[in-house]
Amino acid sequence: AFNKSIAEEMKNRISGVDNVKICTYHSLAFDILKENFQEFNFNVDVDKYKKYLRENILNITSYGEIDSLGINKNTYLTNIIHLIEYARYYHKSHVIHIKNIAEQFNLIIQRDEPKVVQKMLEWGKSDLSTIDYTDMIWLVNEYNLTTKKYLYNEILIDEAQDTSVMQKEMVERCAKRGVRYFVVGDEHQSINVWCGSDMDAVRKFKDDKCKVFTLPISYRCAKKIVDIAKQYSP
């Protein structure tokens, strides 16, 4: 489900059915992590990377004195934090790929941000004492984790247009042989590119065997709104 409140609503509607798991991507990822790393007591800290950057910046940047950046110092630090997020969303860690991501999101590189991000990703992967929410999904893919507890014959995905590369990679780990996917989404309504959704997500869910069902009627919008929307999507 797209978020926690929708997942809870769905759970209430099918309470008592024990062969169905309803979850968000993050909760599924966290369950897979705990299945594979039973010895860890994961501590969730949303500021994990900000704290590490603040405490170690002089050791992980090739520039000995960050204050030499002057007025560009804040931009430099902000670039690093943004790129750590985006690199994990797209499951990329090579400096060249990180530079491409910076260009995609119009981040103007000040100095060595991609190299710093690469070092921080290596640290983030090795230090599992603390994780943030993006880590949950990223680590499942980065460690190539498998699951025996969460394997399914059918997988239903809502709001597919806002699925990220690493979310799609992770959910495929939960597919039994011969799995059938039911994917609902509208490629014209992607609103979460800023937090990693893949602009090409809907198309990537399709394959040669995919059967497409269009939903031509909107039951939520007034007719005038629909008429305006048709200018952008048929």
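Let's start at F2, which lies in the segment before helix 1 (4-13). Helices here are DSSP runs of H or I with at least four residues, and strands are E runs of at least two, numbered from the N terminus. F2 is partly exposed, with a relative accessible area of 36%. On that scale, buried means under 20% relative accessible area, exposed means over 50%, and partly exposed is in between, using a 1.4 Å probe and protein chains only.

A quick word on what we are looking at: this is a predicted model, where local features need pLDDT of at least 70, side-chain atom pairs count only at pLDDT 80 or more, and totals for chains, interfaces and linings use all residues. Residues are numbered from 1 along each chain as its sequence is written, and side-chain values use heavy atoms, with hydrogens and water left out.

Back to F2. Together with I6 and M10, F2 forms a nonpolar patch on the surface, and the three have about 230 Å² of accessible area together. A patch takes residues with over 30% relative accessible area and no salt bridge, joining nonpolar side chains (Val, Leu, Ile, Met, Phe, Trp, Tyr) within 5 Å and like charges within 9 Å. The areas come from the Shrake-Rupley method with a 1.4 Å probe, and for residues only the protein chains shown count as cover.

Now please find A7, in helix 1. Is A7 buried or exposed? A7 counts as buried, at 4% relative accessibility. Setting aside neighbours within four places in sequence, A7 is in contact (heavy atoms within 4.5 Å) with A1, I22, C23 and T24. For a sense of scale, the C-alpha atoms of A7 and K119 are separated by 36 Å, and these residues are 112 apart along the chain.

Let's move on to charges. Side chains of opposite charge can pair when their charged atoms come close. A salt bridge here is a side-chain nitrogen of Lys or Arg within 4 Å of a carboxyl oxygen of Asp or Glu, and by this rule the count comes to 11. One of them joins the side chains of E8 and K11, at 3.5 Å from N to O. Both of these residues lie in helix 1, 3 residues apart, about one turn of the helix. E8 is partly exposed at 34%, and K11 is partly exposed at 37%.

Another salt bridge joins K21 and D31, at 2.8 Å from N to O. K21 lies in the loop between helix 1 and helix 2 (25-36) and D31 in helix 2, so this pair ties together parts that are 10 residues apart in sequence. K21 counts as partly exposed, at 28%, whereas D31 is buried, at 18%.

E142 lies in helix 7 (residues 133-142) and K125 in helix 6 (residues 113-126), so here the parts tied together are 17 residues apart in sequence. There is also a network: salt bridges that share partners join K48, E85, R88, D132 and D135.

Next stop, D45, in the loop between strand 1 (43-44) and helix 3 (48-60). D45 is buried, with a relative accessible area of 15%. What does the side chain of D45 meet? A polar contact of 2.8 Å joins the side chains of D45 and K51. By polar contact I mean a pair of N or O atoms within 3.5 Å; within protein, one must be able to donate a hydrogen and the other to accept it, and residues adjacent in sequence count only if both atoms are side-chain atoms. A polar atom of the D45 side chain also lies 2.9 Å from the backbone nitrogen of D47.

Finally, the rings. A pair of aromatic rings is described by the distance of the centres and the angle of the planes. Rings of Phe, Tyr and Trp (its six-membered ring) pair if their centres lie within 6.5 Å; planes under 30 degrees apart are stacked, over 60 edge-to-face, and the rest tilted. The count by this rule comes to 10 aromatic pairs. F37 and F42 have ring centres 6.4 Å apart and planes at 85°, so that pair is edge-to-face. Both F37 and F42 are buried. Y86 and Y89 form a tilted pair, with 6.2 Å centre to centre and 50° between the planes. Both Y86 and Y89 are buried too. To finish, ring pairs link F30, F37, F40, F42 and Y143 into a cluster.
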